[in-house]
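Subject: Structure handover

Hello,

Here is the structure I promised you. Please open it alongside this email.

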Amino acid sequence: MMAAVTTRTYDAPPLDRGEVLRYMGCREETPDIKSLLDDCLDELAGKLSYKVCFGSFDAEMFSSSSGSALKKNLSGCHRVVLFAATIGIGIDRLIVKYSRLAPSRALCFQAIGSERIESLCKAFNDDVRREQGGKGFFTRPRFSPGYGDFPLAVQKQIFDLLDCPRKIGLSLTESLLMSPSKSVTALIGLYASAPGEICPQKTAGEKGLQKDCGNCSKTDCDFRKE
């Protein structure tokens, strides 16, 4: 029986201008760069959509046939949240439009697109962490095909499982490129702590912060502090 796939639409996350500048390769926001960025943001207004489709699957589907990096990430996980996220085709059209007419403008749109999809993924990851935490699970950092030794060919499996074209209008080419280009697929490992254990992922504002990991028996945790 196939897992249920859910679609979620987000409002635009807050823009991190510093991240846009980093993607542009700029060390500071000069008056000219500020003017360019503001102008591009104005042109982009109303052209983005923030959509995610996701489902919960058996971690063994991925950890059993993947490389050591993913297996380490999923150590102790029995389930994963598999997701695909996209900000739509609108920004791709602007990048193509300005690639020859105004390369600096195309670069700016590329940078904005990268920041936007990362902000969408962060918003979704935060939701997963909160929602799964309420069920007694902790989350591992998201892991995408093509990272480390997680083969890009897994994209085909992900697209089949999530039905990305129908759910969020995201397609996959024969060369495994996604369209719209500003899109991400990834999985988030879920694991349950042993009784009495507190996960070191917890942020300082959360109740029960484990500042000393020496009391935790999960020695293979990526967040473990010596």
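Predicted model: local features only at pLDDT ≥ 70, side-chain atom pairs only at ≥ 80, totals over all residues.

Start with strand β7, residues 183–192. Of its 10 residues, 9 are buried, so β7 is largely enclosed by the rest of the structure.

β7 has pairing partners. One is strand β3, residues 79–86. β3 and β7 are antiparallel and share 8 bridges. To find this pairing on screen, look for Ala-84, whose bridge partner in β7 is Thr-185. Strand β4, residues 137–139, also pairs with β7. That pairing is antiparallel too, with 3 bridges. Here Thr-139 sits opposite Leu-190 of β7.

Now the packing. The largest nonpolar core holds 34 residues. Val-52, Phe-83, Ile-91, Phe-109, Ile-112, Leu-120 and Phe-124 make the most contacts inside it. Which elements supply at least two residues each? They are α1 (17–24), α2 (31–44), β2 (50–58), β3, α5 (90–101), α6 (103–133) and β7. Helix α6 gives the most, with 10 residues.

Beyond its neighbours within four places in sequence, what does Ile-91 touch? Its contacts are Leu-44, Leu-48, Phe-109, Ile-112, Gly-113 and Lys-182. Phe-109 and Ile-112 are also on the list of residues with the most contacts inside the core.

There is a second, separate core as well, made of 25 residues. Among them are Phe-62, Val-80, Ile-158 and Phe-159.

Best wishes

Definitions and conventions:
Residues numbered from 1 in each chain as written. Heavy atoms only, no water. Buried < 20%, exposed > 50% of the residue type's maximum accessible area, 1.4 Å probe, protein only. Helix = DSSP H or I, 4+ residues; strand = E, 2+ residues; numbered from the N terminus. Pairing = 2+ DSSP bridges. Core = buried A, V, L, I, M, F, W, Y, C linked by side-chain atoms within 4.5 Å. Contact = heavy atoms within 4.5 Å.
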